[in-house]
Amino acid sequence: MQNPVLEIEALSGGYNLKRPVLHDVGIKVMPGEMVGLIGLNGAGKSTTMKHILGLMNPEKGEIRVDGTTRARDLEQYQGALAFVPESPLLYEEMTVREHLEFTARAYGVERSDYEVRAAELSALFRMEDKMDSLSIHLSKGMKQKVMIMCAFVARPKLYIIDEPFLGLDPLGIRSLLDFMMKLRSEGASILLSSHILSTIEHYCDRFVILHHGRVITQGTLKEIAMAAGMQGQPLEQIFYSLVQDGRS
Ligand SMILES: Nc1ncnc2c1ncn2[C@@H]1O[C@H](COP(=O)(O)OP(=O)(O)OP(=O)(O)O)[C@@H](O)[C@H]1O
């Protein structure tokens, strides 16, 4: 039996001790698995991700990445994950190539691996002619592509990807989905949040539905549909019904 790459156990936490945002959240992501984290605006998806990244400390519960916690082995924990944020965060005066090189160095990627990956990613995301442009001169979608390329140049065990499709053109979305499938087939794990349920329905192995900071259901599409008594229905329909129920 393989160990989970990400294991969140009974996590409660938030921005204010008196008003936790997350309540007893439990999520596991296995090697080679892509899990969709879905929920309405304010459900707690980004807050969950911030806890995984160590930007926020749990009030209760534990988060293990690659079998360890941040407190036990910070280097192993951080080195095992890469993050793609909802909004691009780039250094305005650095080029695309410099961002990729900087990330590769931070993760200790060999130069030869870096060269191959950078060439593959710049071609895939049609960014070859922008590699030496300063990020301040890029369009919104191109900035998002740089964030995605930086995460993928590192090749960690776990990718945490927060609503990555916003701003990407249809070709960019297709490239991203194809690349995530490739990484998954090579054994990487992905926790992906998105509102584009009709798209992720076909790509994720399992789904976790967060509502008011609680996991109200999780499983494969089939399992979720069965639990909701909605066999054969699309994810969007099931999600709509669950969150309309007022379950929280
Ligand atoms: N910096 C912050 N300070 C205080 N409260 C916050 C902060 N960021 C988010 N919240 C609150 O935490 C709750 C969960 O927000 P979160 O950003 O995790 O939602 P989300 O599921 O990612 O939503 P969206 O789909 O809109 O991205 C919301 O009630 C929100 O108001």
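The structure is a predicted model, in which local features need pLDDT of at least 70, side-chain atom pairs count only at pLDDT 80 or more, and totals for chains, interfaces and linings use all residues. Residues are numbered from 1 along each chain as its sequence is written. The mean pLDDT of the protein (the predictor's confidence in each residue, from 0 to 100) is 94, and 98% of its residues reach 70 or more. For the complex, the predictor gives an ipTM of 0.98 and a pTM of 0.94.

**Annotated span**
- An unreviewed UniProt entry carries the annotation "domain: ABC transporter" over residues 6-237; such annotations may be inferred rather than shown by experiment, and their positions are given in the numbering used here.
- Residues 6-237 are 37% helix and 23% strand, and their end C-alpha atoms lie 28 Å apart; helices (H or I, at least four residues) and strands (E, at least two) are DSSP runs, numbered from the N terminus.

**Six-stranded sheet**
- Six strands form an open sheet with mixed pairing, in the order β5-β6-β7-β3-β8-β9, where two strands pair if DSSP finds at least two bridges between them.
- Because β5 (81-84) and β9 (214-219) stand at the edges with a single partner strand each, one side of each is left without a neighbour in the sheet.
- From one strand to the next, the twist averages 15°, with axes taken as lines fitted to C-alpha atoms, for helices over the stretch in contact, and angles running from 0 to 180 degrees between N-to-C directions.
- Strand β6 (residues 158-162) pairs with strand β7 (residues 189-193) in the parallel sense over five bridges, and Leu158 stands opposite Ser189 in β7.
- Helix α5 (residues 140-154) packs on this sheet and touches β5 and β6, its direction making about 170° with that of β5; residues are in contact if their C-beta atoms, placed from the backbone, lie within 7 Å.
- Strand β8 (residues 206-211) runs antiparallel to β9 and is joined to β9 by five bridges, with Phe207 opposite Gly219 in β9.
- Two residues separate β8 and β9 in a hairpin, and His212 in the turn has a positive phi of about 50°.

**Three-stranded sheet**
- Three strands form an open, antiparallel sheet in the order β2-β1-β4.
- The edge positions belong to β2 (22-29) and β4 (60-65), each with a single partner strand, so one side of each is left without a neighbour in the sheet.
- Strand β1 (residues 6-13) and β4 run antiparallel and are joined by five bridges, and Ile8 has Ile63 as its bridge partner in β4.

**Ligand surroundings**
- Around the ligand are Tyr15, Val21, Gly39, Asn41, Gly42, Ala43, Gly44, Lys45, Ser46 and Thr47, a residue being counted if its C-beta atom, placed from the backbone, lies within 6 Å.
- This shell divides into three nonpolar, six polar and one charged residue; Ala, Val, Leu, Ile, Met, Phe, Trp, Tyr, Cys and Pro count as nonpolar, Asp, Glu, Lys and Arg as charged, and the others, Gly among them, as polar.

Terms used
Contact = placed C-beta atoms within 7 Å.
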